[in-house]
Amino acid sequence: MFSLKYGAFGHRVLHMENAETLQIRLLEESDPPSMAAAFKNMGWNKPETQYRRYLHEQVAGTRTCFVTIFDGQFAGYVTVNWRPTYAGFADLNIPEIQDLNVLTTYRGKGIASRLLDRAEGEAARRSGVVGIAVGLHPGYNAAQRLYAKRGYIPDARGITYRNRIVEEGASVVLDDDLVMHLTKQLLAG
């Protein structure tokens, strides 16, 4: 069971029944080093410069980045890109949820769903539709299932590789850049 309370600086804090605390807040200036280090410890290459760029874009108003703190420790994050490069979203002014990541230690605790709740809520303040892309290789199986359960459907433009539509009969590499874009109708925020 969860209850919503307000912590320091007015951040919403989700208190969990078993005394664990989940806090979702905006990316802060002090976050990039610890985020990069946490992913490096997991064997992932997510450099500090990426999070510094997110911070700069957040200040500029082109991206919003939400960070999850679970029991006082960084656990994951998600961003909402207000100016996506994918033409299917850009042409229609559809914000795109991007870069949803939860550290392996914290998976299975509903953190990804809570981050998506927050990102979708933020997107609903500006749009009736939100977009998301999902990779097609087996490493994305859990994300594919999660997005389907949450009501995301294909945007009916096919798949893309490095932001280009893959034409019928084309050969592409099955890596993180081969994705399908999905959309979801949102309730007004």
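Arg-126 lies over the face of Trp-82, 3.7 Å from the ring centre; a charge is taken to sit over a ring if NZ of Lys or CZ of Arg is within 6 Å of the ring centre and within 35 degrees of the ring normal.

The model is predicted, so local features need pLDDT of at least 70 and side-chain atom pairs count only at pLDDT 80 or more, while totals for chains, interfaces and linings use all residues. Residues are numbered from 1 along each chain as its sequence is written, and side-chain values use heavy atoms, with hydrogens and water left out.

The average pLDDT (the predictor's confidence in each residue, from 0 to 100) is 90, and 89% of the residues score at least 70. Over residues 13-18 pLDDT stays under 50, and the model has 26 contacts beyond four places in sequence for them; contact means heavy atoms within 4.5 Å. Where pLDDT is low, the predicted coordinates should not be read in detail.

The structure holds nine aromatic pairs. Rings of Phe, Tyr and Trp (its six-membered ring) pair if their centres lie within 6.5 Å; planes under 30 degrees apart count as stacked, over 60 as edge-to-face and the rest as tilted. Phe-39 and Phe-74 have ring centres 5.9 Å apart and planes at 70°, so this pair is edge-to-face. Because Phe-39 lies in helix H1 (residues 31-41) and Phe-74 in strand E5 (residues 73-81), the pair ties together parts that are 35 residues apart in sequence. Helices (H or I, at least four residues) and strands (E, at least two) are DSSP runs, numbered from the N terminus. Phe-39 is buried at 0% relative accessibility, and Phe-74 is buried at 11%; buried means under 20% relative accessible area, exposed over 50%, partly exposed in between (1.4 Å probe, protein chains only). Ring pairs link Phe-39 and Phe-74 with Trp-44, Tyr-51, Tyr-54 and Tyr-77 into a cluster.

Lys-46, in the loop between H1 and helix H2 (48-60), touches residues of this cluster, including Phe-39, Tyr-51 and Tyr-77. Lys-46 is also buried, at 14% relative accessibility. Its side chain makes a polar contact of 3.3 Å with that of Tyr-77; such a contact is a pair of N or O atoms within 3.5 Å, where within protein one must be able to donate a hydrogen and the other to accept it, and residues adjacent in sequence count only if both atoms are side-chain atoms.

Ile-153 stands opposite Thr-183 in E10.

Note on methods
Two strands pair if DSSP finds at least two bridges between them.
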